[in-house]
Amino acid sequence: MVRVKSRCWRCGEVSLSLEEIMLVEHGDGEGTFYSFFCSTCGDAQAYPADPRFVDFMRMSGIRPIHLPPPIEYKEAEGNPPLTWDDLLDLHSELEKET
Ligand SMILES: [Zn+2]
């Protein structure tokens with residue numbers, strides 16, 4: 001059985017089977033994360049997934065779960081007011097895309 005090495009922030013290196021890993025793709029195409037529960041301490045872990053790792057998971061039959069973009073998700077939670085920092089962030093995001 002294929003096993004993948006990752007890290008738990010508490011326990012250090014952990015070995016996972018592909019079935020234990022959940023791929024989460026954000027709706028804005030800003031990246032895919034993989035998530036798992038550490039088999040030792042039971043904590044949920046989440047890390048950005050390398051595109052090659054995503055391909056590998058897809059080829060292994062693991063389908064990513066789609067979630068809404070994280071920013072929208074956060075906004076929907078508490079509807080925080082826009083701050084100057086948000087505008088600056090938006091500005092630099094827009095600059096990145098051109
Ligand atoms: Zn752990």
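This is a short walk through one chain, from its overall make-up down to a single residue.

First, the ground rules. Residues count from 1 along each chain as its sequence is written. The model is predicted, so local features need pLDDT of at least 70, side-chain atom pairs count only at pLDDT 80 or more, and totals for chains, interfaces and linings use all residues.

Now confidence. pLDDT is the predictor's confidence in each residue, from 0 to 100. The chain's average is 82, and 79% of the residues score at least 70. Strand β2, residues 12–17, has the highest mean, 93. Helix α2, residues 70–78, has the lowest, at 54.

Next, the parts list. There are 3 helices and 6 strands. Both are DSSP runs numbered from the N terminus: helices are H or I with at least four residues, strands are E with at least two. The order from the N terminus is β-β-β-β-β-α-β-α-α.

Start with β1, residues 3–8. β1 pairs with β2 in the antiparallel sense, over 6 bridges. To count as a pair, two strands need at least two bridges found by DSSP. A hairpin of 3 residues links β1 to β2. Within this pair, V4 faces L16 of β2.

On to the sheet. How many strands form the open sheet, and in what order? There are 4, ordered β5-β4-β3-β6, with mixed pairing. Why is one side of β5 and of β6 left without a neighbour? β5 (44–48) and β6 (65–67) stand at the edges with a single partner strand each, so one side of each has no neighbour in the sheet. From one strand to the next, the twist averages 30°; axes here are lines fitted to C-alpha atoms, for helices over the stretch in contact, with angles from 0 to 180 degrees between N-to-C directions.

Look inside that sheet. β3 (residues 22–26) and β4 (residues 32–37) run antiparallel, joined by 4 bridges. L23 has Y34 in β4 as its bridge partner.

Is P48 buried or exposed? P48 is exposed, because it has 10 C-beta neighbours inside 10 Å. The cut-offs, with C-beta atoms placed from the backbone: buried means 20 or more other C-beta atoms within 10 Å, exposed 12 or fewer, partly exposed in between. Leaving out residues up to four places away in sequence, P48 touches G31 and F33. Contact means C-beta atoms, placed from the backbone, within 7 Å. P48 and F33 sit 15 residues apart in sequence, yet 4.2 Å apart C-alpha to C-alpha.

Last, the whole chain. Of its 98 residues, 6% are buried.

Technical notes
Contact = placed C-beta atoms within 7 Å.
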